[in-house]
Amino acid sequence: MFMLRNKGLWNQWAPIPLRVIIGYGFISHGWAKWSRGPEGFGKLLQQIGVPLPEFTAWVVTFLELFGGLAILAGALVAVVSIPLVMSMLVAMFTVHLRYGFSSINTIGLTKAGPMFGPPGYEVALLYIAGLLVLVLGGSGPLSIDQWLTRRREMSERQSNAPHAT
């Protein structure tokens, strides 16, 4: 009953955990590329036939680092989501599609535990869906986007207010 009465309140705060996990996910993937050197990622891109692989590796590394940070902060989410979704689509169609849907592909079992193969496209779709939800539903409270919107609305109200002469 409490949840139903306060559904609007809960809906307002729903984007925050989505921003946190998506932002952190992109940052951690970008940091992994950065810490190993984007050149290594460039070699992978070259193997799969991506044009300008070293340049693309640097662009994707910075996109994931700074795009993830922007999503985490709720800053320019609609703008930043476009290249992030494109990056996920490229990864999905060039790398993950051949391994099927599941992000966890168990390929064997050893005494140490299960062995996992390459991930499928499930996680890429989850990132894309999460970004679309943030673009369509807004980045929520405690976001730079909301702060900018409020600031713009206050400025518009002040400029439309009747002026005393």
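This is a predicted model: local features need pLDDT of at least 70, side-chain atom pairs count only at pLDDT 80 or more; totals for chains, interfaces and linings use all residues.
Glu 64 has a relative accessibility of 5%, so it counts as buried, the cut-off being under 20%. Glu 64 belongs to helix α5, which covers residues 53-73.

What does the side chain of Glu 64 reach? It comes to 3.2 Å from the backbone nitrogen of Gly 30. Setting aside residues up to four places away in sequence, Glu 64 touches Phe 26, Ile 27, His 29, Gly 30 and Lys 33.

Let me turn to the protein chain as a whole. Eight helices and two strands make up its elements. Read from the N terminus, their order is α-α-α-α-α-α-β-β-α-α. The radius of gyration is 21 Å, whereas the globule rule gives 15 Å for 165 residues, so the protein chain is more spread out than a compact globule. Along the principal axes, the C-alpha atoms fill a box of roughly 80 × 50 × 25 Å.

How much of the protein chain counts as buried? The figure is 32% of the 165 residues. Among contacts with a separation of 6 or more, 61% join residues 24 or more positions apart. As for the surface, the protein chain exposes about 11,100 Å², and carbon and sulfur atoms supply 69% of that area. There are 12 positive and 7 negative side chains, and the centres of these two sets lie 9 Å apart.

Next, helix α6, which spans residues 77-96 and contains Pro 83. The relative accessible area of Pro 83 is 31%, so this residue is partly exposed, a class that lies between 20% and 50%. Pro 83 and Ile 16 are 67 residues apart along the chain, and their C-alpha atoms are separated by 21 Å.

I close with two backbone features. Most residues other than glycine have a negative phi. Leu 76, which is not a glycine, has a positive phi of about 55°. Its place is in the loop between α5 and α6. Leu 142, also not a glycine, has a positive phi of about 60°. Leu 142 lies in the loop between α7 (122-137) and α8 (144-160). Is Leu 142 buried or exposed? Its relative accessibility is 66%, so Leu 142 counts as exposed, the cut-off being over 50%.

Definitions and conventions
Residues are numbered from 1 along each chain as its sequence is written. Side-chain values use heavy atoms; hydrogens and water are left out. Helices (H or I, at least four residues) and strands (E, at least two) are DSSP runs, numbered from the N terminus. Buried means under 20% relative accessible area, exposed over 50%, partly exposed in between (1.4 Å probe, protein chains only). A polar contact is a pair of N or O atoms within 3.5 Å; within protein, one must be able to donate a hydrogen and the other to accept it, and residues adjacent in sequence count only if both atoms are side-chain atoms. Contact means heavy atoms within 4.5 Å. The radius of gyration is taken over C-alpha atoms; the globule rule is 2.2 Å times the number of residues to the power 0.38. Accessible areas come from the Shrake-Rupley method with a 1.4 Å probe; for residues, only the protein chains shown count as cover. Lys and Arg count as positive and Asp and Glu as negative; His and the chain ends are not counted. The place of a charge is taken as NZ of Lys, CZ of Arg, CG of Asp or CD of Glu.
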